[in-house]
Amino acid sequence: MNGGGDDEDVVVAASADASPPLQWRFSQVFGERSAGEEVQPVDMISAIEFDHSGDHLATGDRGGRVVLFERSDAKHSSGARRDLEDTDYPVRHPEFCYKTEFQSHDPAFDYLKSLEIEEKINKIRWCQTANGALFLLSTNDKIIKYWKVQDKKIKKICDINANPSGAVGNGTVANGVPDANISSLRLPVVTSHESSPVAKCRRVYPHAHDYHINSISNNSDGETFISADDLRINLWNLEISNQSFNIVDVKPEKMEDLSEVITAAEFHPTHCNMLAYSSSKGSIRLIDLRQSALCDSHSKLFEEPDAGGSKSFFTEIIASVSDIKFAKEGRYLLSRDYMTLKLWDINMDSGPVSTFQVHEYLKPKLCDLYENDSIFDKFECCISGNGLRAATGSYSNLFRVLGVSPGSTETATLEASRNPTRRHVPVPSRPPRLGGMAGRGSESAAGVDGNSNNALDYTTKLLHLAWHPNENLIACAAGNSLYMYCA
């Protein structure tokens, strides 16, 4: 993988706020292929995650590999006078370099169920660091693994000693034995070289899910985590791999009565007793582990108020929540369904604080999207460390950056490429606020998808992206390439 340099192409987010709008520019790229070079499916990135400090970034791909990147700019200065002087000026943007990679999962076959298990990495979550080592969880459809990555000095043979120290120049050795046989003796000289990161699987958490795992999330206590599939959420202790506790089970007595499934689950960032999970019906449930060991009932339910209008065959499909993310302080929750991005206040369950239209222009094309299965694409979302902005992906490797603070009209559309504005996607004008909810951020069909120059490519989709926890830096995956943009 090769890192790219800076690019001066800038997209300015229109904003009416007193604070100046962010100017997004291309920062780095890893794994970019030349034009016409074929990308193998196993190289497609399927998960992205920054650690809590923002100094490390992990990606997982469909081939079961995990690649780690480490921040390499002046934040890690050596302490020399020149480096200390440089800290008086703000760093232009974070820069990352390749650190290491390892094979996290391999293809497997469940002989009891005659089921092939893909090696594709579904999710990656960073755990707390200890003694200079990095820890993370990775999962495919069935198996979760706990990894430790630590720098270790590598010992190598640097030379072969051709003149053993026991030999003397007169043809004999000290004990009087002739040196005829010793002269051909070769002794290796072993030296310690620079440190190299080594990944070691500490634990494997298998056989706890009958359905595909769609989420894992670490608890703020640093000791437990959850894993979720379509019907169940399990609570694990990091130190215990042979058992878990089922805390949510939505499986009905008869599968014919199944009306919704779990789509995503996330622990609260600061309260270790609280977590949220979303469903295919568009609802989000907040549960409190202090209320009951088995959390069949929820403490709060967040869902869009019923508008009472006409419903179609696609209404429930496009309402399914594909991803949820808590803001850093934990009061606000971001959710993404196929058409919209919603911001929720966990203290207010009457409806979303704001609703941002992302795919409004696709409404006339729902039949076509259903035929080619694009309507089932699961787009992720992310929110900035200060909670003022959010981002989510779309087709043609486009992604949206939106201001979610009260009164903000900031919005920008970029393409995951070295020139993020080459598609010339127009910034939508601000529509009126309806019912206290901002229905903004929707491009018109003519502006984005109405002519051949801006026709969307549904085969290239930006599903995975992550926001740096402390700075305005977005990492997103376009095929097998990892692009970074800073502001």
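Biologist: Which residue in β5 does Ala 58 stand opposite?
Modeller: In this predicted model, Ala 58 faces Leu 68 of β5.

Biologist: And how do the strands β4 and β5 pair, in what sense and over how many bridges?
Modeller: They are antiparallel, with five bridges between β5 and β4, the strand of residues 56-61.

Biologist: What about the turn, then? How many residues lie between the strands of that hairpin?
Modeller: Three residues sit between β4 and β5.

Biologist: How many residues of β5 are buried?
Modeller: Five of the seven in residues 65-71 are buried, so strand β5 is largely enclosed by the rest of the structure.

Biologist: Changing topic: in what order do the strands of the open sheet with β17 come?
Modeller: The order is β17-β18-β19-β20, four strands with antiparallel pairing. At the edges are β17 (262-267) and β20 (300-302); each has a single partner strand, so one side of each has no neighbour in the sheet. From one strand to the next, the twist averages 20°.

Biologist: What joins β18 to β19?
Modeller: Five bridges do, linking residues 274-279 of β18 with residues 284-288 of β19 in an antiparallel run. You can find Ala 276 there, opposite Leu 286 in β19.

Biologist: Let's move to Asn 122. Where is it found?
Modeller: Asn 122 is in the loop between β8 (115-117) and β9 (123-126).

Biologist: Is Asn 122 buried or exposed?
Modeller: Buried: its relative accessibility is 12%, and the cut-off for buried is under 20%.

Biologist: Which residues is Asn 122 in contact with, leaving aside neighbours within four places in sequence?
Modeller: Those are Ser 46, Ala 47, Thr 139, Asn 140, Asp 141 and Ile 213. For Asn 140 there is a further detail: its backbone oxygen lies 3.3 Å from a polar atom of the Asn 122 side chain.

Biologist: And what separates the C-alpha atoms of Asn 122 and Asp 61?
Modeller: A separation of 8.4 Å, with the two residues 61 residues apart along the chain.

Key
Residues numbered from 1 in each chain as written. Predicted model: local features only at pLDDT ≥ 70, side-chain atom pairs only at ≥ 80, totals over all residues. Heavy atoms only, no water. Buried < 20%, exposed > 50% of the residue type's maximum accessible area, 1.4 Å probe, protein only. Helix = DSSP H or I, 4+ residues; strand = E, 2+ residues; numbered from the N terminus. Pairing = 2+ DSSP bridges. Axes fitted to C-alpha atoms, helices over the stretch in contact; angles between N-to-C directions. Contact = heavy atoms within 4.5 Å. Polar contact = N/O pair within 3.5 Å; in protein donor to acceptor, adjacent residues only side chain to side chain.
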